[in-house]
Amino acid sequence: MKHSDDYFRLLAFDEAPTGLVLTENRIIRICNRRFAELLGYHVEDLLNQSFRIFYGSDEEFESIRDVGLSKLQETGGYTDERLIRHRSGQGIWCQFRARTLNPDAPLERVVMSFAPINEAQTLRLSKRERQVLDLMNQRLTSKEIARRLGLSPRTIDDVRGRLIKRFGLRRAEDLLSQLRGASH
């Protein structure tokens, strides 16, 4: 049986070992099975859904929009590591990559990939813990995180301390390494 190039492209998309998704203005237009399974859904459940379902609050959804936006405008691409919310409410630490198809309107149409960094570990984090962890990942200090969240640096240090204790670590720097599955 002879197959067309389109068949092979579709097969590669559907069977990719990483989660792939195409969005238009943060609405899922198509995704592969790996992406849906990674987050506890079926592909059909996600089509035409807002990416909002993967974040704990409207505030979190709105703030993540601007992370990497200038890089998408400048280069067309952006990558980072971030928490994305599983259907169960647990967080999954992922390597995130994005490529815009229109740098002048970077969120108009974006192809994204999500690859779990440490599949053995899912996380139950509070909204505040997710916020602090995301900002720590952006290499912000406690003072910078506190300013961004409108909290005191002491409150941020307390959240960091709880996360460090929960994971049995000694330093905040070890926390992100732990989530990445790196050895200490």
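Which element gives the largest share of the lining of the largest pocket? That share, 4 residues, comes from α4.

This is a predicted model, in which local features need pLDDT of at least 70, side-chain atom pairs count only at pLDDT 80 or more, and totals for chains, interfaces and linings use all residues. Residues are numbered from 1 along each chain as its sequence is written, and side-chain values use heavy atoms, with hydrogens and water left out.

On a 1 Å grid over the protein atoms alone, a cavity is a set of points where a 1.4 Å probe fits but cannot get out, whereas a pocket is an open set with protein on both sides within 12 Å along at least five of seven lines; lining residues have an atom within 4 Å of a point. The structure holds 2 cavities of 30 Å³ or more.

| Space | Volume | Lining by class |
|---|---|---|
| Largest cavity | about 250 Å³ | 12 nonpolar, 2 polar, 3 charged |
| Second largest cavity | about 30 Å³ | 4 nonpolar, 1 polar, 3 charged |
| Largest pocket | about 210 Å³ | 4 nonpolar, 3 polar, 4 charged |

Of the 17 residues that line the largest cavity, R26, R82, F96, L107 and M112 lie nearest its centre. Two or more lining residues come from each of α4 (58-65), α5 (69-75), β3 (77-85), β4 (91-100) and β5 (110-116).

In the second largest cavity, β3 gives the most to the lining, with 3 residues. The lining residues of this cavity include F54, Y55, G56 and R130.

The largest pocket is lined by residues including E59, S63, Q131, D134 and R148. Here α4, α6 (127-137) and α7 (142-149) give two or more residues to the lining.

Key. Points joined across faces, edges and corners; volume = space filled by probe spheres on them. Nonpolar A, V, L, I, M, F, W, Y, C, P; charged D, E, K, R; others polar.
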